[in-house]
Amino acid sequence: MLDLLDYRRRVTAMYTAVRENEDYEATCTRFREARDELFRQHSQSALSPSQKAAFTGLRYYAYNPAYRVVAQIDRDVEPEILQVDLGKDGRFAYERFGQVQFTLPNGSGRLSLFWIKGYGGGAFLPFGDTTNRDTTYGAGRYLYDTIKGADLGTAGTSIILDFNYAYNPSCSYNARWVCPLAPAENRLSFPVFAGEMLPDIPLK
C-alpha cells in the first residue's frame with residue numbers, strides 16, 4: 001500500500017507541475033519523461049516485470065498547442081449514472097455532471113464529464129476518436145481521472161482540455177487490468193492527433 005501511495009503522490013506532483021507552468025511544451029516534455037520513469041522503474045507500474053525489462057518509452061504525438069483549449073462546463077445535463085463491471089474490482093459507477101464543447105484542429109466536439117461515485121469521488125473524462133484502433137488504443141483514452149491524480153485544472157466554470165496529455169488506460173498495456181472505457185456519448189467523430197499513441201509493448 002505504501003508503494004501505491006508513493007506512486008499516486010508522484011503522479012499528483014506531475015500534474016501539479018502541469019497546472020503551475022505556462023511553458024506548455026517544455027512542461028509536457030518533462031511530464032512525459034517522468035511518466036516513462038514511473039513505467040520503467042516503479043513497483044506500481046502498469047507493466048509486468050518482463051515488460052519493464054524491455055521498455056524503451058511510451059509513444060506520443062508531438063506536442064501541439066492547438067490541442068490545448070479551455071472550455072466552459074455546461075451543468076444543464078441529465079445526471080445519469082453509468083455502471084461498468086470491473087471483475088474482481090467490483091462495479092464502477094460514474095455520474096454525468098456536465099458537458100464541454102470545444103473546437104480542435106480537425107473538428108468540433110462535445111464530451112460528457114463524469115463524477116466517480118463512492119467515497120470522495122473524482123472527475124472522470126474518458127473519450128474516443130477516429131484514431132482508435134489505428135494509431136491510438138482501440139477502446140479510447142482518458143483525459144481526467146482525479147482520483148488517480150490526473151487533473152489538468154479548472155477555474156470557476158471552465159476546465160482545461162489539453163489533449164496532449166490524453167493517455168491510455170492500464171488495460172492497453174497488460175491484460176490483467178480491467179478498465180472503464182469511454183461511453184458512446186464520448187466518442188468523437190474526428191481524429192485527435194495528440195497525446196499518447198498505441199504502446200510499442202507486447203500485451204501480456
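Guide: Accessible areas here come from the Shrake-Rupley method with a 1.4 Å probe, and for residues only the protein chains shown count as cover. On that basis the protein chain has an accessible surface of about 10,300 Å², with 51% of it belonging to carbon and sulfur atoms. The model is predicted: local features need pLDDT of at least 70, side-chain atom pairs need 80 or more, and totals for chains, interfaces and linings use all residues. Numbering runs from 1 along each chain as its sequence is written, and side-chain values use heavy atoms, without hydrogens or water.

Now inward. Of the 204 residues, 51% count as buried. Buried means under 20% relative accessible area, exposed over 50%, and partly exposed in between (1.4 Å probe, protein chains only). In soluble globular proteins, nonpolar side chains tend to be buried together. A nonpolar core is a set of buried Ala, Val, Leu, Ile, Met, Phe, Trp, Tyr and Cys residues joined through side-chain atoms within 4.5 Å.

The largest such core has 54 residues, and Val100, Phe102, Leu143, Leu161, Phe163 and Val192 touch the most other members. Among the elements that each supply at least two of its residues are helix H1 (2-20), helix H2 (24-41), strand E1 (68-74) and strand E3 (91-104).

Take Val100. Leaving out residues up to four places away in sequence, Val100 touches Ala71, Gln72, Ile73, Gly109, Arg110, Leu111, Leu113, Ile159 and Leu161. Contact means heavy atoms within 4.5 Å. Across the chain, 64% of the contacts with a separation of 6 or more join residues 24 or more positions apart.

What about a loop residue? Phe55 sits in the loop between helix H3 (49-54) and E1. Phe55 counts as buried, at 8% relative accessibility. Beyond four places in sequence, Phe55 touches Asp36, Phe39, Arg40, Leu47 and Ile201.

For contrast, Arg133 lies in the loop between E5 and E6 and counts as exposed, at 68% relative accessibility.

Note on methods. Helix = DSSP H or I, 4+ residues; strand = E, 2+ residues; numbered from the N terminus.
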